[in-house]
Amino acid sequence: MASFTLQGIPVSRGITIGRAHLLRPAAMDVKHYLVAQEQVEAEVVRLQKAIAQVQLELQTIWSDLPTDAPTELGAFLDVHALILSDPMVSEAPLDIIRSRHYNAEWALVTQIDALSAQFDEIEDEYLRERKADIQQVAERVLKVLTGTAHQLPRATGVDERNANMIVVAKDISPADMMQFRDVAFTGFVTDEGGPNSHTAIVSRSLGIPAVVGLGNASHLIVQDDWLIIDSDAGVVIVAPSPLVIAQYRDRQAALLKARKKLHKLKKTPAISLDGIEVTLLANIELPEDAHAAMDAGASGVGLFRSEFLFMGRTSVETQLPDEEEQFIAYKQAVQTMKGKPVTIRTLDVGADKPLDHNEHNILNPALGLRAIRFCLKEPQIFLTQLRAILRASAFGSVHILIPMIAHAFEIDQSLAMIQQAKDGLRAEGIAFDDGILVGAMIEIPAAALSLPMFVKKLDFLSIGTNDLIQYTLAIDRADHEVAHLYNDTHPAILQLLDITVSAAIKANIPVAICGGMAGDVKLTRLLIAMGFRELSMPAALLPEIKQEILNSNIAALEPSAKKMLRTFDPRIAQELLYGMQQQQFV
């Protein structure tokens with residue numbers, strides 16, 4: 001077989017070499033037929049039994065989780081169980097059977113397709129990718145209905161065929177991933193998914209190389225093909241020659257050696273050669289992620305994406321996470337960090353990622369009712385979250401981060417809501433940190449260009465570079481048609497970053513970067529030379545960023561950074577950036 005290469009989205013780091021194991025999904029293209037009136041209730045019962053069996057399977061898998069399993073797996077299994085119990089999944093298909101006389105498979109797929117279409121309109125990349133969870137739950141039920149449920153092979157020994165197994169699939173559900181716990185698998189390759197898919201999150205937590213979004217890899221790759229995953233480059237090499245395998249084995253050994261060396265830096269402060277300390281923080285989606293942050297030596301949590309707690313919920317407000325549930329989650333993360341600061345971003349959902357499935361669709365969700373706009377429109381939901389965050393602040397250092405602020409009145413109303421939450425807790429005798437710090441996400445160009453109204457009223461700033469780039473360059477970063485235009489070193493982006501860090505320094509308030517630029521080692525020297533002293537990133541990336549800082553002389557890098565800010569020639573900018581990366585210091 002001739003060798004060929006596939007290009008996808010890298011979601012973790014490292015290189016792995018092994019044999020392909022294809023994981024075939026249940027076909028969503030099911031049989032379509034009408035059932036007679038007298039058979040309708042029997043068809044309803046058939047679907048109900050399949051749903052009950054899958055619920056039992058998920059409970060069994062969850063209870064059998066090994067003690068060393070990543071916490072993300074348990075969390076995603078919980079999400080799948082919630083989805084399966086949601087009336088939109090468990091009850092609506094039954095109504096379709098009764099009203100349209102569809103067979104069970106057809107009714108289920110009809111409802112899932114309708115829900116999936118709603119998720120396609122979601123602007124937020126992380127929440128949009130949760131569509132895969134709904135589809136995977138449906139596929140698991142379909143496997144029961146069609147009798148196609150399968151088990152993965154268990155490892156009975158280490159040999160050439162089952163050692164270093166690489167899973168190849170359209171997508172991989174958390175429940176299916178658990179079937180690998182007794183198998184020597186070392187990588188994931190999927191047709192679908194993105195940086196925030198559960199496959200990406202779990203692979204990062206496991207430290208396993210993975211490339212997603214390959215399109216049709218599961219159709220091009222044959223069972224037992226030799227594969228090389230270079231997840232640094234987002235490349236999968238199929239049927240490599242012995243010479244290429246040997247070359248990658250050498251690279252793999254070097255990377256493993258370097259990784260072990262980097263882990264020794266866990267307790268080393270990130271101080272540059274000229275004595276400037278940079279605070280390295282971790283981004284988390286789940287309370288349990290705080291353990292990985294601590295293990296990586298993070299100085300705190302720079303971004304806790306609280307919207308994860310609201311995922312997999314139905315449209316009824318009373319079924320959203322209540323104050324107590326949120327409080328327990330925030331408290332868990334705060335206590336895990338043992339006094340290190342935890343910055344909790346308030347709910348970043350809205351019309352483009354609706355909590356209510358009956359909300360009307362809008363033409364441009366990126367510019368719609370989202371983040372703080374949604375929270376101010378739904379003050380009770382906002383107040384409930386603020387109370388939970390404030391209560392958690394009694395157990396450690398907590399900061400509140402407000403997303404997508406662009407107007408002065410949004411700052412004033414947010415601060416007023418925080419004060420209202422404080423007054424309510426104080427009246428009830430509930431402890432909280434009255435001096436809790438409040439900051440704003442700078443992710444809209446208008447915010448970066450009107451910073452005086454921010455720095456006067458807020459305690460800190462945090463730049464969300466992903467959205468800032470998207471809004472500034474008018475690019476949907478999830479649209480592959482314009483992905484080549486997404487440029488984090490575009491002159492306009494660098495100017496906005498410079499304006500923000502300069503205003504924060506002048507006002508003597510902290511400013512962090514919590515977007516993708518913070519975790520890109522190619523940009524580390526540029527950012528610290530521009531004046532940034534706080535960077536927040538996925539925990540797994542922290543050691544490499546720390547090493548880059550330890551090997552940098554910030555004062556010596558500043559002239560190149562200033563030249564980059566003055567040039568509008570992309571070629572010159574890239575030459576300057578490359579020069580900064582290669583600069584050696586004694």
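What share of the 586 residues in the protein is buried? Buried residues make up 55% of them. This figure comes from a predicted model.

Start with the overall build. The protein has 24 helices and 16 strands. The exposed surface comes to about 24,900 Å². Carbon and sulfur atoms supply 55% of that area.

The mean pLDDT of the protein is 84. A score of at least 70 is reached by 82% of the residues. Strand β12, residues 398-402, has the highest confidence, at a mean of 98. Helix α8, residues 174-178, has the lowest, at a mean of 57.

Two stretches call for care. Across residues 151-162, pLDDT stays under 50. The model still gives this stretch 22 contacts beyond four places in sequence. Residues 357-361 also have pLDDT below 50. Here the model shows nine contacts beyond near neighbours in sequence. Where pLDDT is low, predicted coordinates should not be read in detail.

Now zoom in on one residue. Thr500 sits in helix α20, which covers residues 491-507. Is Thr500 buried or exposed? Its relative accessibility is 1%, and buried means under 20%, so Thr500 counts as buried. Which residues does Thr500 touch, leaving out those up to four places away in sequence? They are Ile442, Ala448, Leu451, Leu461, Ile463 and Val511.

Terms used. Residues are numbered from 1 along each chain as its sequence is written. This is a predicted model: local features need pLDDT of at least 70, side-chain atom pairs count only at pLDDT 80 or more; totals for chains, interfaces and linings use all residues. Side-chain values use heavy atoms; hydrogens and water are left out. pLDDT is the predictor's confidence in each residue, from 0 to 100. Helices (H or I, at least four residues) and strands (E, at least two) are DSSP runs, numbered from the N terminus. Contact means heavy atoms within 4.5 Å. Buried means under 20% relative accessible area, exposed over 50%, partly exposed in between (1.4 Å probe, protein chains only). Accessible areas come from the Shrake-Rupley method with a 1.4 Å probe; for residues, only the protein chains shown count as cover.
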